[in-house]
Number of protein chains: 2
Amino acid sequence: MNSFLLVERVSYHKPNMPTAPYVNPRVLEAQFAVRGPIPMRAEQLQAQLRAETADGGTSVLPFTEIIHCNIGNPHAFSQKPLTFYRQVMALVDAPMLMEIDGVVAHLPSDVVARAKQYLQQSGDGKTGAYSDPTGHLWVREAVAAFIARRDGTTVAPDARNIIIADGATSAVRLIMQLFIAGPSDGVLIPIPQFPLYTAQISLFDGTAAAYYLDEGNQWGLNAQDLDGCVKQLKQSNASPRLLVVINPGNPTGQVFTRATMEGVAMTTTLFSSQMKCIKRTFMVLAACLRASARVILHMPSPYHNTSCISLHSTSKGIIGECSRRGGYMELLNIAPIHHAQIVKLCSINVCSNFNGQVMTALMCTPPVQGDASYPQFREEYDGIFSDLKERAASLAIELNTIKGITCNSVDGAIYAFPQIQLPHKYVARNDALCAAAPPAERMAADARWALELLEATGIVVVPGSGFLQPEGTFHFRTTILPPKTQMAAMTSSIRAFHTKINELYA
Amino acid sequence: MNSFLLVERVSYHKPNMPTAPYVNPRVLEAQFAVRGPIPMRAEQLQAQLRAETADGGTSVLPFTEIIHCNIGNPHAFSQKPLTFYRQVMALVDAPMLMEIDGVVAHLPSDVVARAKQYLQQSGDGKTGAYSDPTGHLWVREAVAAFIARRDGTTVAPDARNIIIADGATSAVRLIMQLFIAGPSDGVLIPIPQFPLYTAQISLFDGTAAAYYLDEGNQWGLNAQDLDGCVKQLKQSNASPRLLVVINPGNPTGQVFTRATMEGVAMTTTLFSSQMKCIKRTFMVLAACLRASARVILHMPSPYHNTSCISLHSTSKGIIGECSRRGGYMELLNIAPIHHAQIVKLCSINVCSNFNGQVMTALMCTPPVQGDASYPQFREEYDGIFSDLKERAASLAIELNTIKGITCNSVDGAIYAFPQIQLPHKYVARNDALCAAAPPAERMAADARWALELLEATGIVVVPGSGFLQPEGTFHFRTTILPPKTQMAAMTSSIRAFHTKINELYA
């Protein structure tokens, strides 16, 4: 079983109840586990903790804090912003600060120079004005130069190649909207996947077909599995419009090899020709935080013509500026009609936010050796990087020592997706609880596990069922973000909790 | 003819050409005149001007600058940001600046206090982290206090009442998505309307029915005209889901009276009961920049139960911080199911950008008498306000002295929507040009007029046809933003241009 069709079109064709207020049934249908019932329960517990401990009191809860491992939100933990980026952004927001005696002299010279450059490039300081719908030209130039440096190539900063977005999320929504008009439009997604993709597919009423990542092989992608997805789609009268590749993996944390990416491009091209639709009908959408989708361009003909939109954001990794909603789309081999429609959608959305644009330019143009800010930047950057690396490694190692939990290594994302063996009796108990509960309170066995973990320990993770997973397996997604001591406490709590589950339901 | 159904469902049911790359036909169908062919031509002319004058050369064009009156973008003209807002935002972005000797002493004390407050309220300085999907609590509190002060009432800062958005644009998209699943979902919109509404209705495949604003009566709204819209929708098997009220008017610039708003609420409630759907099925969506939709709450039963979402943004008016994408939705009488689905959609979009949230809080909490920043703030604010007022008045007066142009007064927005009398021969010439042109180059007579105005004068306005208008009438939308001297030159150019049109096609 290498692929299957998601046929969870639950409520769409059923009319709403006649007495209930009307809601678009696609909205009702959409699910988003990252912010679902478990995080909502965590909020209630957080409020309870706060209230009970307000006047030095003691909480009745069996933990003293809520640890939010459900969302990749680095600054919510101990990760600090990079000083250079924040200093430049502040001077761009308020250039009058540079007129205060001592400010310019005190700040590193490259901070001031960079701020002046961005101000000058934003229509002589008109930073409050709308930018071009595809982003300021100077931001696109910074992105183009970044890609060119990273991949040893040249890239024109033209909106044909680069479009600035409000984080990767808004770009995903835009691309889904471009291709999905209804059930006959199919999207290939990995299992496990990030629930944003299934949510957007539901919202636009498309059909999702899933290919499995190979947990036994470091969450690898076998390009030939995509074949099964396309067949499934055809059988349900849907055409494949879009292939989602998430790299580095979310929730799975792996980084695909160059050979994998090439295999995907080859398979994609073959599908397009088999289907007698011209090339570019079928697109690859890669959420690429670090890896480059440009390997495609170096492939032999016709594979180098594979259409691809690759996304990058300022939210994750070393920068972690989630709140800025900064990011970009890199467009490869995009048909003119697609490009024109993307630009129109950007225009309808007016433009992406200015501070996100500034942060995107900064991400693409960090200080370099010789710049006044470089030593501090390097120290901060390397410190965060080695912290993340250490946490990623220690989390996987620790989890693997817990009986009934196995975890692949985390190569390039801020997430891990460990598998949990749930005792047969635990699963049976969940089935019984669900049978007795109203539909809204029914949940998968790993959702029950995550909820009970939260109630027992204060740790918030997202159940694997929220990301989709092979039938009969159970997982959870956790971020690698809690700092060292907190993570030690966290893995020890998970160990105690799961050991107890194993004992109780042996 | 007080209302009509927009049946421009041009391409949806036609399949895409088999050899062309696939695009969601709803995306192809959507139109957005504010950034359409005329602004695109303006960009070409701008580039030509720049190139020809680069080395002190002279352009062959008959004008020396492009004046962008097509988009309400105050800072792109001479309007300056409010110093207090920018100073606070910069310190919140980079609190390390407060550690530089002299900075705190130099800045007004309320700037520093406010920045420290916002930092502390953002999880002790964790401003790079995602906020709650509905916005930071402290931003919602600022909005609640603002509404309470403005309307002499109390408002809980609860996400039941207030949700922070990336400008009004993202809120409009979200609300349209909540109610529109397909052609059977109807939306009532004014004519003229801002094209964002028709674009989003097209994108979600809904059916728009239009009510006319009364140009002869200061662009007034006659609530009984809504009746005709609902009948039209029923005849085409669509149900009214949403009524769009734009107040202050865009493109029309008027402000509705309290009696008008009450009439709308009454009519809305009557429709809901006539249709045998429970109250709250039918919502009012008001884009309220200044006026309050809360008059509804003070009406007698059952009218005070009218459901309404009212929008406000940081983009327009005195603040004009378009690029920040800040704004909020105020929810009145919203059914729990609608609220839950709105929150879910916000969660899927993750959260609105932080700097937009800061700007929203600042907009709602300006310095008050006694604060250190107050004198400068007052001076800046009043200066911008009186400038805008003066420009609004002088633009209408000047345009009304041009033969063949009439313009209502601009009461509360940054737009005017003058009517142009086009000579019969000019319209006939346009018809002939269109008949000979490929479909993509055909345009309404006022679009031709706007294009020729651009080519002759460098002034960019949006043709009335982009906003919809009564058949046989012609208009253009212009902002009131060009500064005094530029506006004098602009009205004089329009006068010369239109006088020539009148002579040539007499």
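Which residue of chain B does the side chain of Arg324(A) meet in a salt bridge? I looked this up first. The partner is Asp93(B), with 3.1 Å from N to O. I kept in mind that the model is predicted.

Entry: I then counted the salt bridges between chain A and chain B and got two. The Arg324(A)–Asp93(B) pair is one of them.

**Entry: what chain A brings.** I listed the elements of chain A that give two or more residues to the side touching chain B. They are helix H1 (25–29), helix H3 (83–93), helix H4 (103–106), helix H7 (167–179), helix H8 (195–203), helix H11 (336–348) and helix H12 (354–364). I sorted the residues on that side by class: 41 are nonpolar, 26 polar and 17 charged.

**Entry: area.** I read off about 7100 Å² buried between chain A and chain B. Carbon and sulfur atoms hold 60% of it.

**Entry: symmetry.** I superposed chain A on chain B. The rotation is 180 degrees, the shift along the axis is 0.0 Å and the RMSD is 0.0 Å. I noted this as the relation of a two-fold axis. Ala90(A) is the residue of chain A that comes closest to the axis, its C-alpha at 2.1 Å.

**Entry: contact residues.** I checked the contact lists last. Chain A gives 84 residues and chain B gives 84 residues. Both copies use the same surface, as 100% of the contact residues of chain A recur in chain B.

Technical notes: Residues numbered from 1 in each chain as written. Chains lettered and ligands numbered in written order. Predicted model: local features only at pLDDT ≥ 70, side-chain atom pairs only at ≥ 80, totals over all residues. Heavy atoms only, no water. Contact = heavy atoms within 4.5 Å. Buried area = accessible area lost by both parts, 1.4 Å probe. Salt bridge = Lys/Arg side-chain N within 4 Å of Asp/Glu carboxyl O. Helix = DSSP H or I, 4+ residues; strand = E, 2+ residues; numbered from the N terminus. Nonpolar A, V, L, I, M, F, W, Y, C, P; charged D, E, K, R; others polar. Least-squares fit on C-alpha atoms with pLDDT ≥ 70 in both.
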